[in-house]
Amino acid sequence: MSPPEEVIARVLGVSPQDLDDDSSPDTVEGWDSLAHSTLILEFETEYDVSVAPGDAMEMVDVRSIKAVLRDYGVSC
Amino acid sequence: MARNEVEVVEYEPAYAEVLADFVAKVWDPQATAAALQRSREANAASDPSCLDGRIPTILFLLNGAVVGYITTLPERIHVGGRVEPAYWMSGFHVLPEHRNGPVGVMVARELLRVAPSTLTLVVEPAPVRIFCALGYRNLGRVPNYLKLVRGAEVARRIDPDLLRRQGLGAWQVEALRMARGTRLDEVAAHLLGLATRVWTGVATPLGRRPQTSVLSGSWRAGEEYDRLWRALSGRTGMGAVRDAGRLEWRFARQRDRYVLVEARQGGALAGYCVVARPKADPDPRLAGIRIAPVSDLLFPPDELGIGCALLAAAERFVVEQGIADALIASTPHRLARRALARSGYLRIPGNLNLVVHPSLLGRSDSVRLEDWWLARGDNGVDESF
C-alpha cells in the first residue's frame with residue numbers, strides 16, 4: 001500500500017515531494033473538484049475502505065486526509 | 001467547531017420538504033413538498049417502464065438541507081435480444097457553493113449502488129468525468145442533424161458564438177459574421193434550402209411510398225404500435241422499448257406539445273415519428289430561433305423510404321403550421337442517420353455523450369455507439385428546445 005502522499009501525487013500528477021500537510025485544492029494546481037472526488041475513490045481502492053460521506057467532506061487538505069484515513073485504520 | 005452532519009440517502013417521502021426547498025432554489029420557485037410527492041407517486045404508478053414502483057433518487061444532505069441531487073427516468077432498454085429495466089440519470093445538480101468537493105461523486109456513487117442499470121445522455125464534461133471515474137463507459141457523442149425550413153430566419157438570428165461553442169469551425173463562424181449585414185447569409189441560406197430540396201428529391205429512395213398522416217391534438221397509440229415494435233425490436237439495435245405504452249406515457253399525455261406522424265403501407269402501420277412543438281420559453285441563447293425536435297422516430301431500418309417519408313411529412317407539417325424555423329434530430333444508428341441525410345438534414349457537431357454502465361451492456365464488450373437506436377426525446381433531452 002502506498003502512503004497517502006503518493007496516492008495524492010499520482011492522481012494529481014505531481015511529485016510527492018511537492019506536497020506537505022497544508023497542501024490542498026487551494027494550493028496545488030490541478031487539484032479541482034473532479035480530482036478531489038477521484039482521490040476519494042482511489043483511497044477506497046488503495047486501502048480497501050469505504051469513506052463515509054461525512055468523512056469525505058472533512059478531507060480538505062493532506063493533513064485532514066491523513067487524519068481521516070487513520071480513523072479507518074490506515075497507518076500514515 | 002461542530003462537525004457537519006452529512007447523509008447521502010435514497011429519497012423517501014420523509015424528505016419531501018427538504019427536496020422541495022432544493023427544487024425551489026434550483027428550478028421552480030413554486031415547488032411544494034405535496035406537489036412533488038404527488039407527482040412522484042403518479043409517475044411511478046402510470047409509467048409502463050417503472051416496473052417496481054421505484055424512481056431512484058439520491059439526496060446529499062448537509063445539516064439537513066439538500067445540496068446535491070440526482071434522479072432517474074425509468075426506461076425499458078432493449079439490449080442483446082432481451083429487455084432490461086433501466087434508468088436514465090436526470091437532473092444531476094450540486095449547489096454551486098459545494099461543487100469544490102465530493103458531493104457530486106458521492107451522489108452518483110450512491111445511485112450506482114441502488115440502481116446499477118443506469119445510463120444518460122449528457123452534455124457537460126464534469127458529470128461525464130464523474131460517471132467514467134465510477135466505471136461508466138462513454139460510448140461517444142451522438143450526432144446531431146439539423147434541417148433548416150426557414151434558413152434565412154435562422155441565418156439572421158443565430159449567435160455565431162453559440163455555433164462556436166457547439167464545435168463549429170472558427171472559419172465558419174467568422175464567415176457568418178462577415179456575411180451578416182450584407183444579406184449574403186440570407187442568400188446563402190436560401191441557396192442551401194434549395195440545394196437540400198433538390199438533394200432530397202434525388203436521394204429519397206424510389207419504390208412504393210407509404211402514406212403518411214399527421215395527428216396533432218388528440219391521438220392515441222394503440223395495439224398496432226405494439227405490433228410494430230414487436231416486428232422491429234430485433235432490427236433496431238439497442239435502445240428504449242418503443243411500444244404503445246411508452247408512446248402514450250412519454251408523448252401522448254402532452255398532446256399540446258407532441259405531434260405524431262404515421263406512415264402506413266396497405267393500411268398497416270409501417271413507422272412513426274414524433275415531433276415536438278418548440279417551447280414557448282426556449283433557451284435565450286437561441287435568440288428566438290424556433291427549433292422543433294424530432295423526439296422519436298421508428299421505421300424498419302432497411303426501408304429508408306419509410307423513414308424519409310416520415311421526416312418529409314414532419315417537415316411539411318412544421319412548414320405549413322409555421323411552428324418552427326428548423327428541426328433537429330439526434331441519433332447514432334447508421335441507418336437512421338442515413339434516412340436523415342437523405343432527407344436533407346445537415347450533420348452538425350454532436351454534444352450529447354451516451355454514458356452507460358457496463359452492467360447494462362451485459363457481456364458485450366464490443367458495444368458501439370452506432371449500435372444504439374436513440375432519439376431526441378430519450379432522457380428528456382428534447383426539453384432544451
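The contact between the two chains of this predicted model draws on 15 residues of chain A and 18 residues of chain B, where contact means heavy atoms within 4.5 Å. Together, chain A and chain B bury about 1400 Å², with 66% of it on carbon and sulfur atoms; buried area is the accessible area (1.4 Å probe) that two parts lose on being put together, summed over both. On the chain A side, L34(A), L41(A) and M57(A) lose the most area to chain B, together 38% of what that side buries.

E44(A) and R109(B) meet through their side chains in a salt bridge at 2.3 Å, N to O.

Which elements give two or more residues to the side of chain A that touches chain B? They are α2 (33-47) and α3 (53-58) of chain A, and α2(A) gives the most, with seven residues. Helices (H or I, at least four residues) and strands (E, at least two) are DSSP runs, numbered from the N terminus.

Now to the empty spaces. Rolling a probe the size of a water molecule over the atoms shows where empty space is left. On a 1 Å grid over the protein atoms alone, a cavity is a set of points where a 1.4 Å probe fits but cannot get out, whereas a pocket is an open set with protein on both sides within 12 Å along at least five of seven lines; lining residues have an atom within 4 Å of a point. Grid points are joined across faces, edges and corners, and a volume is the space filled by probe spheres set on the points.

The second largest pocket has 20 lining residues, and M57(A), E58(A), M59(A), V60(A) and N4(B) lie nearest its centre. The largest share of that lining, three residues, comes from α3(A).

Three cavities of 30 Å³ or more are counted. Among the residues lining the largest cavity are V294(B), L340(B), W373(B) and R376(B). Elements giving two or more residues to this lining are β11 (291-298), β12 (326-330) and α12 (334-342) of chain B.

| Space | Volume |
|---|---|
| Second largest pocket | about 450 Å³ |
| Largest cavity | about 60 Å³ |

Residues are numbered from 1 along each chain as its sequence is written, and chains are lettered from A and ligands numbered from 1 in the order in which they are written. Local features need pLDDT of at least 70, side-chain atom pairs count only at pLDDT 80 or more, totals for chains, interfaces and linings use all residues, and side-chain values use heavy atoms, with hydrogens and water left out.

Note on methods. Salt bridge = Lys/Arg side-chain N within 4 Å of Asp/Glu carboxyl O.
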